[in-house]
Amino acid sequence: MNDYPLLNLFWTMLELFLFILWFFLLFKIISDIFRSHDMGGWGKAGWLIFVILLPFLGVFVYLIVRGRSMGERDLAQAKQADAAFKAYVKEAAGTEGGGAGGHVDELAKLADLKSSGAISEEEFTKAKEKLLA
């Protein structure tokens with residue numbers, strides 16, 4: 001350890017970090033190639049071969065050519081996942097009609113009335129106890 005200076009240790013750590021970052025980017029691009037709906041099978045095969053055989057050049061060219069659409073696909077997938085999660089929460093909470101969802105809606109209305117000053121704290125507490133009983 002005496003013959004390996006501290007600066008070399010930092011340099012090695014930076015190289016390791018960049019190496020790991022490179023693989024994350026490579027796998028991100030490969031997954032984007034397969035989930036792209038606007039590209040046919042031969043196009044996907046061509047990009048995949050290009051990215052695997054010439055990794056540095058292939059990744060940089062892919063980012064330049066398809067980087068914007070890659071971001072748009074990520075955004076669309078995130079919105080779709082968010083919408084699915086919100087639909088699941090609504091279904092689990094039962095807000096689509098009757099059951100516990102009615103209680104949730106009523107409690108939300110009571111909280112709005114209390115925050116707007118239409119009902120007092122005592123009235124809110126009584127109504128909440130009546131609703132939850």
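1. Crossing of α1 and α3. In this predicted model, helix α1 passes helix α3 in a left-handed crossing; a crossing is left-handed if the near helix is turned anticlockwise from the far one by less than a right angle, and right-handed if clockwise. Helix α1 covers residues 6-35 and helix α3 residues 55-93. The two pack at an angle of about 60 degrees, and their axes lie 9 Å apart. That angle makes α1 oblique to α3; under 35 degrees counts as roughly parallel, over 145 as roughly antiparallel, 65 to 115 as roughly perpendicular and the rest as oblique. Axes are lines fitted to C-alpha atoms, for helices over the stretch in contact, with angles from 0 to 180 degrees between N-to-C directions.

2. Residues joining α1 and α3. On the α1 side, the contact (heavy atoms within 4.5 Å) involves W22, L25, L26, K28, I29, D32, I33 and R35. Their partners in α3 are P55, F56, V59, F60, Y62, L63, M70, R73, D74 and Q77. By class, this contact comprises 12 nonpolar, 1 polar and 5 charged residues. Here Ala, Val, Leu, Ile, Met, Phe, Trp, Tyr, Cys and Pro count as nonpolar, Asp, Glu, Lys and Arg as charged, and the others, Gly among them, as polar.

3. The position of D74. D74 belongs to helix α3. It is classed as partly exposed because its relative accessibility is 25%; buried means under 20% relative accessible area, exposed over 50%, and partly exposed in between, with a 1.4 Å probe and protein chains only. Leaving aside residues up to four places away in sequence, D74 touches K28 and R35. The C-alpha atoms of D74 and D32 are 8.7 Å apart, although 42 residues separate the two in sequence.

4. Packing of α2 on α3. Helix α2 (residues 41-53) meets α3 at an angle of about 135 degrees, with an axis separation of 5 Å. The pair is therefore oblique. From α2, the contact draws on W47, F50, V51, I52 and L53; from α3, on P55, L57, G58, V59, V61, Y62, V65 and R66. The residues of this contact divide into 11 nonpolar, 1 polar and 1 charged.

5. Packing of α1 on α2. The axes of α1 and α2 come within 9 Å and cross at roughly 170 degrees, so these helices are roughly antiparallel to each other. Their crossing is left-handed. L26, I29, I30, I33 and F34 of α1 make the contact with K44, W47, L48 and V51 of α2. It contains 8 nonpolar, no polar and 1 charged residues.

6. Overall form. The protein chain has 5 helices and 0 strands, where helices (H or I, at least four residues) and strands (E, at least two) are DSSP runs numbered from the N terminus. The radius of gyration is 27 Å, whereas a compact globule of 133 residues would have one near 14 Å; the value is taken over C-alpha atoms, and the globule rule is 2.2 Å times the number of residues to the power 0.38. Along the principal axes, the C-alpha atoms fill a box of roughly 75 × 55 × 25 Å. Buried residues account for 18% of the 133 residues. Of the contacts between residues at least 6 apart in sequence, 39% join residues at least 24 apart.

7. Basis of the values. Residues are numbered from 1 along each chain as its sequence is written, and side-chain values use heavy atoms, with hydrogens and water left out. Local features need pLDDT of at least 70 and side-chain atom pairs count only at pLDDT 80 or more, while totals for chains, interfaces and linings use all residues.
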